[in-house]
Amino acid sequence: VYGMVVSCPSLMERFAPCSQRSCSLEGVVWEPRETFVCDFLELLHHEALTDQAELLRLDFTNPDQLRQQLADCKLPAVSLRPTKPFATAHALAVWWELQLDKRGTYRISSVPGRRGNHWPQVLWPIGSPIGSQVRSRDRILVHPRIFEESLQYEVSIGSTCM
């Protein structure tokens, strides 16, 4: 499972309980309208704020490892670095790649922009309300969680001293 952090202001209307222009969310505790959305990233006006990174590896040929990952529930965090000096992070875009043979010759994937792709990416909102400011010196931690029926991601942003 792979992902990257993106700036995509149009997602604000999909996640926020009301349009940012029609009401103020300042001081209000709220939950996103949807916990995630599925869409084709290449159809959304967006900007990548981090490089693509592997967020989670699932090996279906190793049942013991899968059982351990399920038992752990919350797995080690993946650290991402913003590639822009200053931007607003709106979502974590996630996709998968399935290796069909041991050599890796045959694969199917939902990577954004792949020709002939008919699988959308999953977008998890970042921030409350949606959108968090990130700087190139920040560290973005992606915390994968695995359950029998789903994957979830929590994103935290913190500064590092340079």
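Student: What share of the 162 residues of the chain counts as buried?

Tutor: The share is 35% of the 162 residues. Keep in mind that this is a predicted model. The accessible surface of the chain comes to about 9,900 Å², and 51% of that belongs to carbon and sulfur atoms.

Student: How many helices and strands does the chain have?

Tutor: There are two helices and 13 strands. Contacts tell you how such parts come together. Among contacts between residues at least 6 apart in sequence, 73% join residues at least 24 apart.

Student: Please take one residue as an example. Where is Leu80, and is Leu80 buried or exposed?

Tutor: Leu80 sits in strand S5, which covers residues 78-80. Leu80 is buried because its relative accessible area is 4%, and buried means under 20%.

Student: Which residues does Leu80 touch, not counting residues up to four places away in sequence?

Tutor: The list is Val5, Thr50, Ala53, Asp138, Arg139, Ile140 and Val142. Take Val142 from that list. In sequence, Leu80 and Val142 are 62 residues apart, while their C-alpha atoms are 7.6 Å apart in space.

Student: Next, salt bridges. What is the general idea?

Tutor: Side chains of opposite charge can pair when their charged atoms come close. This structure holds five salt bridges. One of them joins the side chains of Arg67 and Asp64, at 3.0 Å from N to O.

Student: Where do Arg67 and Asp64 lie?

Tutor: Both are in helix H2, residues 63-72, and they are three residues apart, about one turn of the helix. Arg67 and Asp64 are both exposed.

Student: Which salt bridge is there between Arg107 and a Glu side chain?

Tutor: The side chain of Arg107 meets that of Glu97 at 2.3 Å, N to O. This pair links distant parts of the chain: Arg107 belongs to strand S9 and Glu97 to strand S8 (residues 97-99), 10 residues apart. Arg107 counts as partly exposed because its relative accessibility is 42%. Glu97 is partly exposed too, with a relative accessible area of 34%.

Student: Glu97 also touches Ser109. What else does Ser109 touch, leaving out residues up to four places away in sequence?

Tutor: Besides Glu97, Ser109 touches Trp95, Trp96, Arg114, Asn117 and Trp119. Ser109 lies in strand S9, residues 107-109. A polar atom of the Ser109 side chain is 3.1 Å from the backbone oxygen of Trp96.

Student: Why does Ser109 count as buried?

Tutor: Its relative accessibility is 6%, so Ser109 counts as buried.

Student: Now the strands. How do S12 and S13 pair?

Tutor: Strand S12 (residues 138-146) and S13 pair in the antiparallel sense, over nine bridges. A hairpin of four residues joins S12 to S13. As an example of a bridge, His143 has Glu154 in S13 as its partner. Glu154 also takes part in a salt bridge: its side chain meets that of Arg145 at 3.4 Å, N to O. Arg145 counts as partly exposed at 22% relative accessibility, and Glu154 counts as partly exposed at 34%.

Student: Last, aromatic pairs. How does one describe them?

Tutor: A pair of aromatic rings is described by the distance of the centres and the angle of the planes. The structure holds three aromatic pairs. Phe36 and Trp124 form a tilted one, with 5.6 Å from centre to centre and 40° between the planes. This pair links distant parts of the chain: Phe36 is in the loop between helix H1 (11-15) and strand S2 (37-39), and Trp124 is in strand S10 (residues 121-125), 88 residues apart. Phe36 is partly exposed, with a relative accessible area of 38%, whereas Trp124 counts as buried at 11%.

Student: Why is the pair of Trp124 and Tyr153 called edge-to-face?

Tutor: The ring planes of Trp124 and Tyr153 are at 70°, so the pair is edge-to-face; the centres are 5.0 Å apart. Trp124 lies in strand S10 and Tyr153 in strand S13 (residues 151-159), so the pair ties together parts 29 residues apart in sequence. Both Trp124 and Tyr153 are buried.

Student: Which residues do these ring pairs link into a cluster?

Tutor: The cluster consists of Phe36, Trp124 and Tyr153, linked by ring pairs.

Note on methods
Residues numbered from 1 in each chain as written. Predicted model: local features only at pLDDT ≥ 70, side-chain atom pairs only at ≥ 80, totals over all residues. Heavy atoms only, no water. Buried < 20%, exposed > 50% of the residue type's maximum accessible area, 1.4 Å probe, protein only. Polar contact = N/O pair within 3.5 Å; in protein donor to acceptor, adjacent residues only side chain to side chain. Contact = heavy atoms within 4.5 Å. Salt bridge = Lys/Arg side-chain N within 4 Å of Asp/Glu carboxyl O. Phe/Tyr/Trp six-rings, centres within 6.5 Å; stacked < 30°, edge-to-face > 60°. Pairing = 2+ DSSP bridges. Areas by Shrake-Rupley, 256 points an atom, 1.4 Å probe, with all protein chains shown as cover.
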